[in-house]
Amino acid sequence: MRVAGRLAADVLDMIGDYVKPGVTTDELDTICHRYITEVQDAIPAPLNYRGFPKSICTSVNHVVCHGIPGDRMLKAGDALNIDITVIKDGFHGDTSRMFFVGKPGIQAQRLSQVAFDGMWLGINELAAGKRLGDVGAVIQKHVEKNRCSVVREYCGHGIGRVFHEDPQVLHYGQRGTGLELKAGMTMTVEPMVNAGKRQVKLLPDGWTVVTKDHSLSAQWEHTVLITASGYEVLTLGAADR
Ligand code: MF3
Ligand code: CO
Ligand code: CO
């Protein structure tokens with residue numbers, strides 16, 4: 001899991017330089033696909049996962065998650081989440097970050113920061129003996145205090161040899177409730193935060209999730225190992241490890 005996590009983070013470190021006005025999300029997908037398969041000798045987990053047609057997810061502006069790369073050209077002011085999951089030696093590493101094209105708008109920047117801080121507040125709750133409700137509660141509290149909303153239809157998840165497994169890691173909830181954490185568990189924390197209302201809509205392509213009110217959405221994700229004393233984040237970028 002450490003190796004898979006590091007590889008997923010390496011892809012995000014690599015792709016940042018390519019996020020520029022005029023690039024299409026398909027081009028970002030191709031670059032990541034080649035890097036994962038040719039340089040890392042790993043497998044892009046999204047490709048053909050339940051019929052998903054591409055190797056990465058690119059979720060632009062009001063897209064909440066699971067955006068399918070396509071011929072859309074990015075332009076200055078766009079904000080997007082790039083979500084990378086790789087399989088190495090049978091294990092999954094899953095991580096996503098927000099990227100800005102050109103100079104970020106003030107609202108997008110603030111929203112991204114709220115999602116980022118929410119994710120870290122949630123991760124900081126992780127330790128053997130704590131409960132999943134502790135994670136959800138702290139994220140929800142932070143997001144709502146900042147007059148944003150938490151998406152409820154999608155959540156973090158257990159991860160290992162399987163991409164998405166139990167438990168569900170909700171990004172809202174009540175302290176002291178839910179599954180008790182044990183050392184050795186691996187899971188993701190990946191709050192989706194909307195600038196407007198929390199409701200979402202699935203587009204007819206069967207994958208792309210957008211905000212119902214067309215407000216901006218932001219997401220950050222790490223894969224984390226629970227340890228006896230706390231946690232170890234498996235998907236830190238090179239700058240943070
Ligand atoms: N990487 C996403 C997650 O964080 C899942 C993407 S599934 C896909 O769980 F099929 F859309 F790729
Ligand atoms: Co995930
Ligand atoms: Co992901």
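Visitor: Of the 27 residues in the largest nonpolar core, which touch the most other members?

Guide: Good place to begin, and keep in mind that this is a predicted model. In soluble globular proteins, nonpolar side chains tend to be buried together. Here, the residues touching the most other members of the core are Ile-123, Leu-126, Val-143, Met-187, Val-189 and Val-193.

Visitor: Which helix gives the most to this core?

Guide: That is α3, with 6 residues. At least two residues each come from α3 (106-123), α4 (132-145), β9 and β14 (222-226).

Visitor: And what does Leu-126 touch?

Guide: Leaving out residues up to four places away in sequence, Leu-126 is in contact with Val-135, Leu-181, Met-187, Val-189, Val-224, Ile-226, Gly-230 and Tyr-231. Apart from this core there is another, of 21 residues, including Val-19, Ala-42, Val-60 and Val-86.

Visitor: Let's turn to the metals. Which residues coordinate the cobalt ion (ligand 2)?

Guide: To read a metal site, start with the donor atoms. The cobalt ion (ligand 2) is held at 2.0 to 2.2 Å by Asp-94 (OD), His-157 (NE2), Glu-190 (OE) and Glu-221 (OE). Along the chain, these donors follow the spacing D-x62-H-x32-E-x30-E.

Visitor: Why does the pair His-157 and Glu-190 tie together parts that are apart in sequence?

Guide: His-157 sits in strand β7 (residues 156-158), while Glu-190 is in the loop between β9 (186-189) and β10 (192-194), so the pair links parts that are 33 residues apart in sequence.

Visitor: Are His-157 and Glu-190 buried or exposed?

Guide: Both are buried.

Visitor: What can be said about the angles at the cobalt ion (ligand 2)?

Guide: Next, look at how the donors are arranged. The 6 donor atoms make angles of 52 to 161°, and the site is irregular.

Visitor: Which residue bridges the two cobalt ions, ligand 2 and ligand 3?

Guide: Asp-94 does, and the cobalt ion (ligand 2) and the cobalt ion (ligand 3) lie 3.4 Å apart. Asp-94 also has a side-chain polar contact of 2.9 Å with Thr-85.

Visitor: Where is Thr-85 found?

Guide: In strand β4 (residues 79-88). Thr-85 is buried, with a relative accessible area of 2%. Among the residues it touches are Ile-43, Pro-44, His-92 and Phe-163.

Visitor: Which residues come nearest to ligand 1?

Guide: For a ligand, list its neighbours, then check the polar atoms. Of the 14 residues around ligand 1, the nearest are Pro-46, His-157, His-164, Glu-190 and Glu-221. A side-chain N or O atom of Glu-221 is 2.9 Å from an oxygen atom of ligand 1. On the nitrogen side, a polar side-chain atom of Asp-83 lies 3.1 Å from a nitrogen atom of ligand 1, and one of Thr-85 lies 3.3 Å from a nitrogen atom of ligand 1.

Key
Residues numbered from 1 in each chain as written. Chains lettered and ligands numbered in written order. Predicted model: local features only at pLDDT ≥ 70, side-chain atom pairs only at ≥ 80, totals over all residues. Heavy atoms only, no water. Donors = N, O, S within 2.8 Å, 3.2 Å for Na, K, Ca; no water. Tetrahedral: all angles 85-135°; square planar, octahedral: opposite > 155°, others 65-115°. Helix = DSSP H or I, 4+ residues; strand = E, 2+ residues; numbered from the N terminus. Buried < 20%, exposed > 50% of the residue type's maximum accessible area, 1.4 Å probe, protein only. Core = buried A, V, L, I, M, F, W, Y, C linked by side-chain atoms within 4.5 Å. Contact = heavy atoms within 4.5 Å. Near = heavy atom within 4 Å. Polar contact = N/O pair within 3.5 Å; in protein donor to acceptor, adjacent residues only side chain to side chain.
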